[in-house]
Amino acid sequence: MTEEKKGPAADLQTAAAPKRKKWPMVVGIVAAVLIVCGIGFGVWHNTPGFCNAVCHAPMDNYVESYYEGDPGCLVTQHAAAKVSCLDCHEARIGEQVAEVGMWIDDSFVVDEQGNLQIPANQYMANEEFCLKSGCHDWNDVVDATWGFEGNDAKYNPHSSHQDGSLVCGDCHKSHSKSTLYCGKCHTLNAPEGWEVSND
């Protein structure tokens with residue numbers, strides 16, 4: 001029979017053994033927490049609330065319009081369809097870093113309504129922006145708007161005699177009241193909440 005080792009060296013070996021077995025568990029728990037936090041951040045990042053969580057100014061105005069339910073704002077229809085900010089506004093890391101930098105040094109410019117002044121047409125509603133894959137289909141839009149809002153059945157603002165000189169954003173506004181541009185020349189019924197352009 002072999003004799004069991006006793007003494008301080010044996011006690012040290014016994015005490016050290018469980019510590020080595022705990023490291024894989026600790027590493028696994030830390031990794032799981034980081035993964036869950038990363039997934040949670042990713043989900044939060046895709047919600048309107050993320051946009052103004054830190055950058056209250058100038059993003060509050062846009063996020064509030066998402067939840068207000070104003071029928072004249074296209075963001076209302078997008079919200080009802082569960083379309084979120086990043087479904088339209090692609091998150092590019094370079095742009096987001098630049099935006100955070102502008103927020104930190106307070107170099108962004110807003111108008112009297114609190115809307116961010118951005119380079120011309122950066123987010124202008126146009127065919128490229130609105131008809132991208134997974135969004136609107138031009139033929140469906142045209143088919144759905146003949147005689148819209150009780151107007152003459154022969155009239156369709158999406159089959160215009162303007163020969164492509166108009167873009168979606170001439171009428172459709174996401175975070176402010178949409179304007180029926182054709183009302184400049186034609187007497188038409190506008191969709192609920194819209195304004196009729198008369199200038």
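Which residues form a nonpolar patch on the surface, and how much accessible area do they have together? The structure in which we look for them is a predicted model, in which local features need pLDDT of at least 70 and side-chain atom pairs count only at pLDDT 80 or more, while totals for chains, interfaces and linings use all residues. Residues are numbered from 1 along each chain as its sequence is written, and side-chain values use heavy atoms, with hydrogens and water left out.

The protein chain has eight helices and two strands, where helices (H or I, at least four residues) and strands (E, at least two) are DSSP runs numbered from the N terminus. Read from that end, the elements follow the order α-α-α-α-α-α-α-α-β-β. Of the 199 residues in the chain, 23% are buried; buried means under 20% relative accessible area, exposed means over 50%, and partly exposed lies in between, with a 1.4 Å probe and protein chains only. The accessible surface of the chain comes to about 14200 Å², and 60% of this belongs to carbon and sulfur atoms; such areas come from the Shrake-Rupley method with a 1.4 Å probe, and for residues only the protein chains shown count as cover.

The opening question can now be answered: the patch consists of Trp-23, Val-26, Val-27, Val-30 and Leu-34, which together have about 520 Å² of accessible area. Patches are made of residues with over 30% relative accessible area and no salt bridge, like charges being joined within 9 Å and nonpolar side chains (Val, Leu, Ile, Met, Phe, Trp, Tyr) within 5 Å. One member, Val-30, is found in helix H1, and Val-30 counts as partly exposed because its relative accessibility is 45%.

Helix H1 (residues 8-45) also holds Phe-41 and Trp-44, which are three residues apart and therefore separated by about one helical turn. The chain has three aromatic pairs, a term for rings of Phe, Tyr and Trp (its six-membered ring) with centres within 6.5 Å, where planes under 30 degrees apart count as stacked, over 60 as edge-to-face and the rest as tilted. The ring centres of Phe-41 and Trp-44 lie 6.0 Å apart with the planes at 75°, so this pair is edge-to-face. Phe-41 is partly exposed at 44% relative accessibility, and Trp-44 is partly exposed at 38%. Tyr-66 and Tyr-67 form another edge-to-face pair, with 5.1 Å from centre to centre and 85° between the planes; here Tyr-66 is buried at 12% relative accessibility, whereas Tyr-67 is exposed at 55%.

We turn next to a charged pair. The chain has one salt bridge, meaning a side-chain nitrogen of Lys or Arg within 4 Å of a carboxyl oxygen of Asp or Glu, and this bridge joins Lys-177 and Asp-70 at 3.1 Å, N to O. The two residues are 107 residues apart and link distant parts of the chain, since Lys-177 lies in the loop between helix H8 (138-144) and strand S1 (179-180), and Asp-70 in the loop between helix H3 (56-68) and helix H4 (74-80). Lys-177 is partly exposed, with a relative accessible area of 34%.

The loop between H8 and S1 also contains Ser-178, which counts as buried because its relative accessibility is 0%. Leaving aside neighbours within four places in sequence, Ser-178 is in contact with Gly-72, Leu-74, Cys-171, His-172, Lys-173, Trp-194 and Glu-195, where contact means heavy atoms within 4.5 Å.
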